[in-house]
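Please look through the sequence and the model side by side before reading on. The report below takes a few places in turn and describes what surrounds each of them.

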Amino acid sequence: MSGVKIIECPRDAMQGIKEFIPTEIKVNYINQLLKCNFDTLDFGSFVSPKAIPQMADTAKVLSQLDLESSKTKLLAIVANERGAQDACEFQEIEYLGYPFSISETFQQRNTNASIAESLSRVSAIQDLCVRNKKTLVVYISMAFGNPYGDEWNSDIVIKWCNELNAKLGINILALSDTIGVSNPENISYLFNALVPAIPSVEFGAHLHTTPDTWEEKIHAAYTSGCRRFDGAIKGFGGCPMAADDLTGNMPTEKMLTYFDKHKIETGLLMNEFNKSLVESAKVFH
C-alpha cells in the first residue's frame, strides 16, 4: 500500500468564523500543527480583508510561526494576482492555492470573476510562482456538481484538468467538493479517469462530508488512485461563499483512522496530532 500526503487546512476551518480569532490563538494552534509532520498546512490567505476578515492577519501569523524544526510546507490561498504578489514576498510559503470553479455562477460569487477571467488569473499567478520558485495548487471547485443550475458533468471536469495542465503547466490539481455533493460513484469515476490519463499531475481530494459518509468517500478516492487528501481537524469549517447549509470539511482524525486501519502510511506523529485535537478547542468554541 503506498502512502498518502495529508494537507491540514486550518485556514479553511477558521475563515468562516465571524468572531475574529486573536492572532496569538491562531499562532499557537498552527505552531502545534507544525509539530505533527503534515505534508502541508493550508495556513492562511492573501485575499481582501473585506471578503474574508478572519484572514486579515495572515502575514502577522506567518511572522510568528516556528518553522525551524518542522518539515511541513506552507500553502496560502490567493484569489487574484495582487494576492499572489503579496504571498510571493514570503520565502517561507512554498505553495499558492487558487480556487478555480468550473461553475460560472460560483466563480463570480467566490472570486468576482468569470471563468475566462479566472483562467487568465491562473496564468498570471503561475508566472509569478515560476519566477518566485513557488508551486501553484489549483482547486477545481464544484468538481462534483453545483447547485446553481450551471451545466456540470465529468467531461467538463476532465476538460479543465487537461487544459490547466497542458496549457498552463499546473501540476497539482485538487478536486474540491465545495457543497458536499460528492459520492463514491462520482469520486471513483473522476479519479479513475484522471489519475492514469495525466500522470504528470498530482491529484488531490478536498472533500466535504456529513458525519456518516466520510469513510465511503475516502475509500472511493484512495482506491481510485488519489494520494493527496485535504482535511480539517474535527471537520470544522467549509466555504463561506457556498450554500448556507454547508456540510463540514473532511475530519482529519476520521481520515487517519481509515488510513491506520488499512495500514496506509501518513507520516504523522500521532502524539503531536492528539495535542492538536486538544488545542483546537481553544480556536473553535
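Which residue caps the N-terminal end of α4? In this predicted model, the cap is Asn80, which places a side-chain oxygen 3.3 Å from the backbone nitrogen of Arg82.

**Helix α4 and its buried side**

Helix α4 runs over residues 81–88, and within this stretch Gly83, Ala84, Ala87 and Cys88 are buried. Because these residues cover an arc of only 135 degrees around the axis, they lie on the same side of α4. The partners against which the buried residues of α4 pack are the strands β2 (40–46), β3 (73–78) and β4 (93–101), together with helix α6 (115–131).

The loop between α3 (58–63) and β3 contains Thr72. Is this residue, Thr72, buried or exposed? With a relative accessible area of 7%, Thr72 counts as buried, because the cut-off for that word is under 20%. Its side chain reaches the backbone oxygen of Phe38 at 2.7 Å. Once neighbours within four places in sequence are left aside, the residues in contact with Thr72 are Leu34, Asn37, Phe38, Asp39, Thr40 and Leu41.

**Helix α7 and its meeting with α8**

Helix α7 (residues 154–168) and helix α8 (residues 184–194) have axes that come within 11 Å and cross at roughly 35 degrees, and the crossing in which α7 passes α8 is right-handed. On the α7 side the contact is made by Ser154, Val157, Ile158 and Cys161, while α8 contributes Tyr189, Leu190, Ala193 and Leu194. Sorted by class, this contact of α7 with α8 has seven nonpolar residues, one polar residue and no charged residues.

Another residue of helix α7 is Glu163. Not counting residues up to four places away in sequence, Glu163 touches Leu119 and Leu168. The C-alpha atom of Glu163 is separated by 24 Å from that of Pro147, and these two residues are 16 residues apart along the chain.

| Residue | Phi | Place | Relative accessible area |

**Helix α10, from its buried side to its end**

Which residues of helix α10 (residues 252–261) are buried? They are Thr252, Met255, Leu256, Tyr258 and Phe259. They share the same side of α10, because the arc they cover around the axis is only 160 degrees. The buried residues of α10 are covered by elements including β1 (5–8), α9 (214–223), β9 (228–231) and α11 (270–283). On the face of α10 turned away from that buried side, the exposed residues are Asp260 and Lys261. Just after α10 comes Lys263, which takes a positive phi of about 55 degrees.

Note on methods: Residues numbered from 1 in each chain as written. Predicted model: local features only at pLDDT ≥ 70, side-chain atom pairs only at ≥ 80, totals over all residues. Heavy atoms only, no water. Buried < 20%, exposed > 50% of the residue type's maximum accessible area, 1.4 Å probe, protein only. Helix = DSSP H or I, 4+ residues; strand = E, 2+ residues; numbered from the N terminus. Arc of directions from axis to C-beta. Contact = heavy atoms within 4.5 Å. Polar contact = N/O pair within 3.5 Å; in protein donor to acceptor, adjacent residues only side chain to side chain. Axes fitted to C-alpha atoms, helices over the stretch in contact; angles between N-to-C directions. Left-handed = near helix turned anticlockwise from the far one by under 90°. Nonpolar A, V, L, I, M, F, W, Y, C, P; charged D, E, K, R; others polar.
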